[in-house]
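Please keep the model open while reading.

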Amino acid sequence: FADHAGYATPKMDVRGVIMKETGDDVRILLVKERRDGLWTLPGGWAYVGGSPAEATEREVLEESGYRARAVKLLACYDRNKHDHPPHAFHIYKLFFLCDLMGGAPAITVETEGVGFFAEDDIPPLPLPRVTPAQIARFFEHYRHPDWATDFD
């Protein structure tokens, strides 16, 4: 950390939450990452020069092949206050509910699978990126669209 100048500030991880109704069922979009073979919400680091919503929409497209529009901030979490393993940097995690705007599932340089999963059929998750409790909370948010944003 000696090379870093200025104040220590948190990094920002953004994730897109896309839900799809199929009959009586609601499913959530997950991508299978090449680095560990686990399924996660599409997302990654926000870059300088773009808004968090724009970063989320870019990450969804890059990792899933779907075009999305961020419509609501579901949660702004301090990563250290949730069941994520330790990380060298302090990280804020922003989860945006997104509308599906088009596109098609696509394998990318970062991902090897794209799919929609029912709440009772969530595959193993990479805890550095998303926790089962967070996925469960986003299903609850979907059932209660009037809920306010969660934050720590």
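**Salt bridges and a helix face**

The side chains of Arg35 and Glu33 meet in a salt bridge, 3.1 Å from N to O. A salt bridge here is a side-chain nitrogen of Lys or Arg within 4 Å of a carboxyl oxygen of Asp or Glu. This is a predicted model: local features need pLDDT of at least 70, side-chain atom pairs count only at pLDDT 80 or more, and totals for chains, interfaces and linings use all residues. Residues are numbered from 1 along each chain as its sequence is written, and side-chain values use heavy atoms, with hydrogens and water left out.

Q: Is Glu33 buried or exposed?
A: Buried means under 20% relative accessible area, exposed over 50%, and partly exposed in between (1.4 Å probe, protein chains only). Glu33 has a relative accessible area of 3%, so Glu33 is buried.

Q: Is Arg35 buried or exposed?
A: Arg35 pairs with Glu33 in a salt bridge. Its relative accessibility is 63%, so Arg35 counts as exposed.

Q: Which residue in the loop between strand S8 and H2 pairs with Glu33?
A: The closest N and O atoms of this second pair are 3.0 Å apart. The pair links distant parts of the chain, 96 residues apart, with Glu33 in strand S3 (residues 25-33). Helices (H or I, at least four residues) and strands (E, at least two) are DSSP runs, numbered from the N terminus. Both partners are buried, and the one in the loop is Arg129.

Q: Which residues are linked with Glu33 in a network of salt bridges?
A: Glu33 bridges to Arg35 and to Arg129. The network links Glu33 with Arg35, Asp36 and Arg129.

Q: How far apart are the end C-alpha atoms of helix H2?
A: H2 covers residues 132-143, 12 residues in total. The expected span is 1.5 Å times one less than the number of residues.

Q: What arc do the buried residues of H2 cover around the axis?
A: The buried residues are Gln134, Ile135, Phe138, Phe139 and His141. They lie on the same side of H2, because their arc (taken from the directions from the helix axis to the C-beta atoms) is only 155 degrees.

Q: Which side chain of opposite charge is nearest to Asp78?
A: Asp78 is found in strand S6 (residues 66-78). Asp78 is buried yet has no salt bridge. Lys and Arg count as positive and Asp and Glu as negative; His and the chain ends are not counted. The nearest side chain of opposite charge, 5.0 Å away, is Lys81.
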